[in-house]
Amino acid sequence: MNKISEVSVVCANYNNAPYLDDFFTAFEVSTLSPKELIFVDDGSTDDSLVIARRFAGRLPYLEIVPLECNQGFGNALNAGIERATGQFIMRIDPDDIMLPDRIEVQHELLASGRCDVVGSNAEIFHSDTGKVLGTTNFPLTHDEIDAKIRAGEHGVLHPTVMGLTKFFKSEPYVQAHVPAEDYDVFARMLVAGARFANVDRVLTRYRVHQKSASNILPFSTIETTFMLRDNIFNTRTPRWRVIAYFVHIKFYRRYLFANEPMRRMIFLCISTLFYPSKLWSRLHRGLIRSANRQSGPA
């Protein structure tokens with residue numbers, strides 16, 4: 001048995017049966033076990049509960065919370081957070097796969113007191129083919145993440161995050177804001193005084209498939225995100241910027257999924273045209289990381 005941490009993993013599931021074997025098996029090989037893995041099944045109509053109960057004997061910390069009917073992603077997460085007793089809460093989605101040392105790495109950083117909420121980068125892969133589509137490149141420091149969130153962008157990737165339980169309990173998810181609920185929660189945590197960081201490496205494999213939120217991006221999601229930004233930070237986002245950011249994200253995701261090199265190049269150029277600062281900030285972070293790796297520890 002691994003050492004038990006003070007981490008409560010909270011997962012909301014709805015009809016993710018095809019991915020649950022990968023999801024639960026990742027916990028069996030984790031270098032640090034969570035205090036509890038709270039698996040909230042949001043009224044699934046597939047074999048999700050059958051698979052989860054099969055793992056209950058293999059994962060003694062697994063707590064299955066079956067909801068009688070579908071209550072929505074945000075409400076399901078809140079149901080799990082209410083049951084959490086650990087000092088830290090880790091978020092992960094049931095169609096993603098954590099790397100073996102994810103809990104250990106993030107737990108150590110939070111326990112040191114250097115930050116209150118920590119995310120990481122993720123490897124994005126296609127569910128059907130297993131093809132790696134890319135790797136995220138999130139900012140590392142609190143100030144960089146603060147600037148991203150205040151600009152209406154994502155400073156941390158939701159399913160890669162672990163944070164102090166007190167922030168998750170004081171800033172609950174709002175079902176009406178789904179699928180922009182993650183921006184809302186982290187923006188409110190920021191205002192509440194949470195210190196953010198990202199680990200500069202991949203700790204989660206992020207699956208995209210036909211039903212994943214990453215593959216379905218209506219304009220209303222971006223619109224809601226900027227509406228939340230304006231309400232939380234008392235700003236005013238012009239309509240053109242909302243539209244430009246939507247087009248940027250839409251074509252960047254087409255770039256990730258395209259197979260032909262020419263189509264990928266066209267999609268990336270269109271994406272960059274509508275939000276050139278995003279490309280420059282990504283290149284800047286890449287150069288800084290490269291320089292830090294070459295210089296090594298002092």
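In strand β8, the bridge partner of valine 117 is glycine 163, where strands (E, at least two residues) and helices (H or I, at least four residues) are DSSP runs numbered from the N terminus. The model is a predicted one, in which local features need pLDDT of at least 70 and side-chain atom pairs count only at pLDDT 80 or more, while totals for chains, interfaces and linings use all residues. Residues are numbered from 1 along each chain as its sequence is written, and side-chain values use heavy atoms, with hydrogens and water left out.

Strand β6 is joined to β8 (residues 162–164) by two bridges, and these strands run antiparallel; two strands are said to pair if DSSP finds at least two bridges between them. Three bridges join β6 to strand β7 (residues 132–135), again in an antiparallel arrangement, with glycine 134 of β7 as the bridge partner of isoleucine 124. The hairpin of β6 and β7 has five residues between the strands, and glycine 130 in this hairpin takes a positive phi near 75°. With β9, by contrast, β6 pairs in the parallel sense over 10 bridges, and serine 120 stands opposite valine 199 of β9. Eight of the 10 residues of β6 are buried, so this strand is largely enclosed by the rest of the structure; buried means under 20% relative accessible area, exposed over 50%, and partly exposed in between (1.4 Å probe, protein chains only).

Asparagine 198 is located in strand β9 and counts as buried, at 6% relative accessibility. A polar atom of the asparagine 198 side chain lies 2.7 Å from the backbone oxygen of proline 139, and a polar atom of this side chain is 3.5 Å from the backbone nitrogen of glycine 119. Not counting residues up to four places away in sequence, asparagine 198 touches residues including Val118, Ser120, Phe138 and Ile145, a contact being heavy atoms within 4.5 Å.

Helix α7 (residues 181–191) has 10 of its 11 residues buried, so it is largely enclosed by the rest of the structure. Its buried residues, among them Tyr183, Phe186 and Leu190, pack against elements including β6 (117–126), β9 (196–208) and α3 (73–83). Just after α7, glycine 193 takes a positive phi of about 105°.

Isoleucine 81 lies in helix α3 and is buried, with a relative accessible area of 4%. Tyrosine 173 is 92 residues apart from isoleucine 81 in sequence and 9.8 Å apart in space, C-alpha to C-alpha; residues up to four places away in sequence aside, isoleucine 81 touches Val10, Ile89, Phe168, Lys169 and Tyr173.

How values were computed
Polar contact = N/O pair within 3.5 Å; in protein donor to acceptor, adjacent residues only side chain to side chain.
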